[in-house]
Amino acid sequence: MIDNQSGYILRPVSPLFIYFSLFCALLLNFLPFGNFGWVPDFLIISIVFWNIHQHRYVSVIWAFGLGLMMDVHNSDLLGLHAFSYSLVAYIAISWHRRIISLNVLSQALHLLPIFLIVSLFPVLVHWMLSGELYWWALTGAIQALIEALLWPITTNILLAPQRRPIDVDLNRPL
């Protein structure tokens, strides 16, 4: 795979690094920040990233399982995060060719609707079930905007182990 921003050929990614980054994102979601609108969902950022770049290792099934873990952690309706995470993983897999050809800032703009789906889906489900809409829960739009702003940082961090060194050794075959 070629990194479009730097033009370098990327090394193959280690599956252990993918699963370690998903585990770290899950742990970041477990931190007791509360339900503030400014706290991004680190797990969905990494799920979307790996579904765009390496969808053979992280699939809709992984997103569903991680969503179930988030449902249990949040003591929310069972399957709420699982459905939204798997829906977003499916959208990211189907859009991966289009998104990967863009630069990082354009990718963030294209991924903003995906992050909006994840942050506003629980609000809409609770509204449909209870009949009451909590307007403070619509701060999920702020959360989606922050997740889109974190996309370039996430891309640089998660692609760092795959980038080839700039000083190429001429004695090395690749």
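**Exercise 1. Place Q162 in the fold and list what Q162 touches.**

Step 1. Locate the residue. Q162 sits in the segment after α7 (151-159). Helices here are DSSP runs of H or I with at least four residues, numbered from the N terminus. The model is predicted: local features need pLDDT of at least 70, side-chain atom pairs count only at pLDDT 80 or more, and totals for chains, interfaces and linings use all residues. Residues are numbered from 1 along each chain as its sequence is written, and side-chain values use heavy atoms, with hydrogens and water left out.

Step 2. Check burial. Q162 counts as buried because its relative accessibility is 4%. The cut-offs: buried is under 20% relative accessible area, exposed is over 50%, and partly exposed lies in between (1.4 Å probe, protein chains only).

Step 3. Find the partners. Leaving out residues up to four places away in sequence, Q162 touches I9, L10, R11, V13 and W50. Contact means heavy atoms within 4.5 Å.

Step 4. Compare sequence with space. V13 and Q162 are 149 residues apart in sequence, yet 6.1 Å apart C-alpha to C-alpha.

**Exercise 2. Which residues of helix α6 are buried, and where do they point?**

Step 1. Take α6 (residues 140-149). Its buried residues are G140, Q143, A144, E147 and A148.

Step 2. Get the direction. These residues cover an arc of only 140° around the axis, so they lie on the same side of α6. The arc is taken from the directions from the helix axis to the C-beta atoms.

Step 3. Name the packing partners. The buried residues of α6 pack against α2 (42-53), α5 (104-130) and α7.

**Exercise 3. Describe the largest nonpolar core.**

Step 1. Define the set. A nonpolar core joins buried Ala, Val, Leu, Ile, Met, Phe, Trp, Tyr and Cys residues through side-chain atoms within 4.5 Å.

Step 2. The largest core has 35 residues, and L43, I47, V48, F115 and W151 touch the most other members.

Step 3. Assign the helices. At least two core residues come from each of α1 (15-30), α2, α3 (60-74), α4 (80-100), α5, α6 and α7. The largest share, eight residues, is from α2.

Step 4. Beyond its neighbours within four places in sequence, I47 contacts L22, A63, L66, Y85 and A89.

**Exercise 4. Trace the surroundings of N29.**

Step 1. N29 belongs to helix α1. With 11% relative accessibility, N29 is buried.

Step 2. The N29 side chain reaches the backbone nitrogen of F42 at 3.1 Å.

Step 3. Not counting residues up to four places away in sequence, N29 touches P40, D41, F42, L43, M70, H73 and Y85.

**Exercise 5. How many aromatic pairs are there, and what do two of them link?**

Step 1. Count. The whole structure holds seven aromatic pairs. Rings of Phe, Tyr and Trp (its six-membered ring) pair if their centres lie within 6.5 Å; planes under 30 degrees apart are stacked, over 60 edge-to-face, and the rest tilted.

Step 2. Take F17 and W50. This pair is edge-to-face, at 6.0 Å centre to centre and 85° between the planes. F17 lies in α1 and W50 in α2, so the pair ties together parts 33 residues apart in sequence. F17 is partly exposed at 23%, whereas W50 is buried at 0%.

Step 3. Take F49 and W151. This pair is tilted, at 5.7 Å and 55°. The pair links α2 to α7 across 102 residues.

Step 4. Assemble. Ring pairs join F17, F49, W50, F115 and W151 into a cluster.

Conventions. A polar contact is a pair of N or O atoms within 3.5 Å; within protein, one must be able to donate a hydrogen and the other to accept it, and residues adjacent in sequence count only if both atoms are side-chain atoms.
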